[in-house]
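Please examine the sequence and the three-dimensional structure shown below.

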Amino acid sequence: MTPSSPVPAKALIVLGCPEVPSQQALALFIAWNLRLQGTSVHAAGNPAVLNLLKVSDPEKRYLPEMQVLEKCIEEIVEKKRDADLCIVFAHNDAGISYAATMRHLLPASRLVVIIFGKEPEALAALVDFPCETIVEKAVHNPMQLKRKINGVFGWAA
Amino acid sequence: MGCIENLAYEKILPLGASFKECREYVEKNFQEFWYVDPGYKLFDEYIIGLPPIALGIDDARVIFPYTKPCHGTYLLAVEDADEAARVRKTARKKK
């Protein structure tokens, strides 16, 4: 978090399609940092991305709680789940749709949209709802995006 | 939570359409259209997207966007008179 931001009790990480590999590495990195500061972390995505993360984190040290995106949205709509911080990964139009949905369903949450992939600037232009954005061209190499994420959340490099 | 693949749907716009294209297509090509917000339940699915989300009605057919994380949004039509009637009752006319 930035120095003035309180540590969120609950964070939700919304993952996109896993075809851009930097996403999975950064999701684990973000989850690790959030858990270090005492935030409970939940992740949602499609079965493919969840399986990739389960293989990388067999003891669930980084992401103990994961569920498919549709079920997560259902629980939020039905007020069974919420989050103080929502981080959405978006590397295509669908990712922006999910971010807009989270903005609407979690109006009081801090929403950070990580826009990446081959043409992030064009995608970022589609964002016309209140949120913070982190925009960086990143496909295989997560390092520059990681630096920007560290800066936004106030984490040490 | 249902499964969209269990519905007998017709694809109006193919996978890869943007949510904006879907909204504009519904507004231009259907005389009757309604607006809802993300999280609106239709055919036992929660609709996602950038609000307002446009739904078209053509007799008993309901035309709606559906988003898959890997492919983007596509526009589907499903014939269901009861669901069309429910949209007319619960959706809004104004953006």
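H1(A) is followed by Gly38(A), which has a positive phi near 100 degrees. The structure is a predicted model, in which local features need pLDDT of at least 70, side-chain atom pairs count only at pLDDT 80 or more, and totals for chains, interfaces and linings use all residues. Residues are numbered from 1 along each chain as its sequence is written, while chains are lettered from A and ligands numbered from 1 in the order in which they are written.

Helices (H or I, at least four residues) and strands (E, at least two) are DSSP runs numbered from the N terminus. Among the buried residues of H1(A) are Leu26(A), Ala27(A), Ile30(A) and Leu34(A); buried denotes 20 or more other C-beta atoms within 10 Å of the residue's own, with C-beta atoms placed from the backbone.

The axes of H1 (residues 22-36) and H2 (residues 47-56) of chain A come within 11 Å and cross at roughly 55 degrees. Axes are lines fitted to C-alpha atoms, for helices over the stretch in contact, and angles run from 0 to 180 degrees between N-to-C directions. Here Gln24(A), Ala27(A) and Leu28(A) of H1(A) meet Val49(A), Leu52(A), Leu53(A) and Ser56(A) of H2(A), contact requiring C-beta atoms, placed from the backbone, within 7 Å.

Between the chains, the contact takes 19 residues from chain A and 18 residues from chain B. On the side of chain B that touches chain A, strand S6 (61-68) and strand S7 (72-79) of chain B each supply at least two residues.

How values were computed:
Contact = placed C-beta atoms within 7 Å. Buried ≥ 20, exposed ≤ 12 C-beta atoms within 10 Å, placed from the backbone.
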